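Thank you all for coming; I would like to take a few minutes to go through one structure with you. Please have a look at it on the screen before I start.

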Amino acid sequence: MGLMEVENGASAGGDDVDADIIAKTCLLGGFSEANETRSILSSLPEVHGDQRTTEHVTQRFLVIMNGYQEQPHLLDPHLEWMMNMMLEYVRREDCPPSLLHLSFKFLYIICKVRSYKIFMQILPHEVSDVEPVLQMISRQDPKDLETWETRYMLLLWLSMTCLIPFDLSRLDGYLMSTGGKKEDLVMNRILAIAKVSKVKQKCLGEFLDWSLTMISQSRDTSVRDMVLDGALQSLAKLFKHGKRDDLLQYAPTVLQCLEQKRLSESTEAMLRKLNVKLIQRLGLTFLKPRLAAWRYQRGSRSLVANLSMSLQSSSGAAQTPQDSDEQEEDYDIPEELEAVIELLLIGLKDKETIVRWSAAKGIGRVTGRLPKELADEVVGSLLDCLSFQETDSAWHGGCLALAELGRRGLLLPSRLKDVVPLIVKSLTYDEKRGACSVGSNVRDAACYVCWSFARAYEPKELEPFVSQIASTLLITTVFDRNINCRRAASAAFQENVGRQGTFPHGIDIVTAADYFAVGNLNNCYLNISAIRELATKALHNLTPQAPDYMATTVLPQLLKMAGDTDLHSRHGAILACGEITHALYKVALQTNRYSYSGDLCFILILSIVCQIRIPAEGCKCCLAGWQWVIDDTLQTLHLISSGNADDIIAAVVSALSALCEGYYQDETGQVDSQMQDVLVSQYTEGLKSPQILTRCGSARALGCLPKVMIHNKLSQILEGLEQMCTITQKEGSFTEARRDAVRVIAQVCAKAGVCAHGRPDSVLCSENAAEVFGVLLSCLNDYTMSSRGDVGAWVREAAMTSLMELSILMASSAPDVLVVKPLMCCLAQQAAEKIDRYRAHAIKVFLRLLHSTDPAIPHIPHREELLHIFPAETVASLNWKAPSEAFKYITQLLGLPEYQYHTLLGLSVSVGGITESTVHFSSQSLFDFLKGIQGDSETLGQFGDTLLRIFRDSLHNDRVSVPLLKMLNQLLNNSCFEIFTTQENHQFCVDILDLCKEFKKSKDISKLSACVSVFCGLIQFQGKVRKRVLSQLLLLLCHPFPVIRKTTANQMYEMLLTYDDIIDAEILEDVMTCLSDTNCDLAIVRTHRNQLCDWLEVPRPQLVAKVTVYHY
């Protein structure tokens, strides 16, 4: 209650208010209402019959007792006389029921305030008390909801009387009850009331059977079941206080019952907590009670003992037994323990704190009895909880468990190098959840870990980590938005300062940021930290200590704040930018590092240009200076570190755009023609620079020019950009520049506007539209490869976006000029290719154009069929990056003649690729399409002709030819051309064979291997062409490359087993034996090859002598 008042006051923000509230929490010095309480208790026999007076007395007693909720220890000297007064009433034989229940109600109120664990210790527990307590309990009605306090206190009293050191069988006596019947044995009566008995020989097994039956029979664990709750609590207490030897035989059965019940999945938090509590007690039962010999021990638990030891020795060494392995008792760990630890680890990730806290304590207790190796495995499992794949609940539970292990000395110093970095991350853990964030409990638990480490380890153990822990704790202490986290961090910091003594400036920081000072948010941010001017000077002083961090992280954030609408934020950010830049300049002078005094200063200056207004007086001088900064930056981009280049180019573009919009045109919109000529000429010339960054910067500078500066210069700008988009051997490495040029073409055209009969130097019109579209369509064939992979994909992606934007723009202004057929075909090709990201982008552009209604895109081939294949209501929900969803739609384009060539070209690369999922789903979709046209020889013939046309066009393009061969092999193996195989010497087979023969002089292993596979597939065709195929295979048996010879032999072996009509059965075994020969000598191989030629009735190949020509 007191802490809550302090927190509320701190949030309100007044220091005086905080002081008053803190003072109020410490006013109680004793039980001042003792006389009034004695009077109230003495009046109970007179007032119990009057309901109104009873309620008044009870309410007054509640008010008195509740005042001691924060300081219940003040009641301790008075507990005994208050209890005796009320027990005197209930022991009377003539005590009326109303007085009995009222007395026990008052006892419950006292017990609630002082806690039952303290109060039950003073309850009388003589032998003579057993029988009266049993008699009173037996007279109670369990269904009476008004007198539950009586039953509660009687059960508490009975639990104390059961602790008497006598066998309860000695108390058995057949006493006559009021009805004339004999009573049961005492222990049976106790068991009937509470299902608890110390007479293990007779009732322990029965009680456990009853408890497990209650657990297993409870059906709905989503609601609080009192019987299930009681059974779990009883078992937990039993396994906590009972002897291990008595309970060990039952532990596996109880654990099995809990595993089958799966209480960890219950929606009731208390049931999950009791489940974890019982599981940890079972784990302790499985293990022998022992104190781990390998644990880390720091001094003594007694402060006096520690001080006396420090006087004897200057440094008290922590005790870590050297031969702990020898000291450990060697015994087997039960198999059930693995399940126990697994369930406790699951409990650490529970969504409720009480469950996680119970699981953390269980981990600590069980680990303390494990051997060193197994304990280290537990630590490893806890560290897995602190990963960013886990929830905040797992982080919180992991921190609690690590704190428990550290506090108990079970986290050895050798593990600190793994633990401390994760704890530092936990101190700043914050995860966004919708409109709010979670993580304050994780940060609070991390502070608890730091607090426990301070008490657990010697200073020399934590010394390597002091810097990390101290700085992060200080940041949390001062700047965490949650008051509990700030206070927890302050307490942990203070504990480390006091016990470790290694935290720098510890006493000064603790004095300024103590537990109560950090409670006030305003005090934290304004007084303990610093005001704006002092903060900027502090940043200046900190910069030499970490210049890279200040330059790359702090300064960019301050630049964003420099344009803030809040005056104070903008003022502080500009001051900080100046101080940091000045400090970086000093560092640059000392270290001769240009980057600090160059590129980052450029970003600062250019950002300021975007946000200021230059005064009218002296305008020309200022403009010339700012323009020089921009132009010089573009020309020297190659001198800047690559990591900052993009940021600087973006700053240049923003600054140039601001200058052009504000100062290079007058109020009527007329442009400064002289500056227009200078800028356009300068930036178009920059497109030819040998420096790639200068090309990128110049292109993006052209793209940011306003419309008035593009007017009359569009042809000049487009000509420069189109030349840069053209791929030559020289420009092959300028991929980023081509990507930017493609983007800028669309930007410039969009700013210039579209007019079908306009001037080509001012707008996009019928005279230049075809040329612009042609350049962009050619960029869709940019497949430049580098060490970074398919970098040409950047250009293709930009080209698709630019083409879409221009098509929509032209469709709204000049639809007759727009020719969309080549674009749709090229998009179909890109949509069928292998890279998921760019395939999905192509499909989205394709569908955007197809389904566009405002404006509608004209002249799309097969529009109706496309709308049937891609209905708007279906395609919007599909994941086009997933091959399993994309290819079954894309392959349907093969049935449309206009799209068949480009779609099959793209599919060839996917089906013959190397990515397993892409190959699987693309090939399956292609097979499904071909299966649907097997009965139509004309359609299949058209497909074959298209395939041959792609093959001819790509003979010298390895990017397509190798995957195409692999795809063709799959088509042949799956009998996709079975109709053709029934005709002798079908032209399709002849053409494929002739095209494959073009590769016979290739030195590409993958291409030759793919040809071998295709030859083996072509063997199924009938007629003379089969002999030609066999001839090519036999030639490859003697290829100069051993791997090709081996591949050919293996595939011919499989081919002959598959197609039994190739060779007579009489010589089949000899042919197989010959193909199985692994001799690598080419002369021997050639002999075997000639023998195969004779058997297969194929002419033997003849060696062609090389003719040497001599020139005289």
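How many disulfides does a search of the whole structure find? Before I answer, please note that this is a predicted model, in which local features need pLDDT of at least 70 and side-chain atom pairs count only at pLDDT 80 or more, while totals for chains, interfaces and linings use all residues. Residues are numbered from 1 along each chain as its sequence is written, and side-chain values use heavy atoms, with hydrogens and water left out.

The search finds 0 disulfides, a disulfide being a pair of cysteine sulfur atoms within 2.5 Å. For Cys704, the closest cysteine sulfur is that of Cys660, and at 6.0 Å it is too far for a bond. Cys704 is also buried, with a relative accessible area of 7%, where buried means under 20%, exposed over 50% and partly exposed in between, using a 1.4 Å probe and protein chains only. Cys111 is buried as well, its relative accessible area being 2%.

Let me turn to helix H13, which spans residues 226-241 and contains Lys240; helices here are DSSP runs of H or I with at least four residues, numbered from the N terminus. Lys240 counts as partly exposed because its relative accessibility is 40%. Ser234 lies in helix H13 too, and at 23% relative accessibility Ser234 is likewise partly exposed. Between Ser234 and Ser211 there are 8.3 Å in space, C-alpha to C-alpha, although they are 23 residues apart in sequence.

Notes:
Helices (H or I, at least four residues) and strands (E, at least two) are DSSP runs, numbered from the N terminus.
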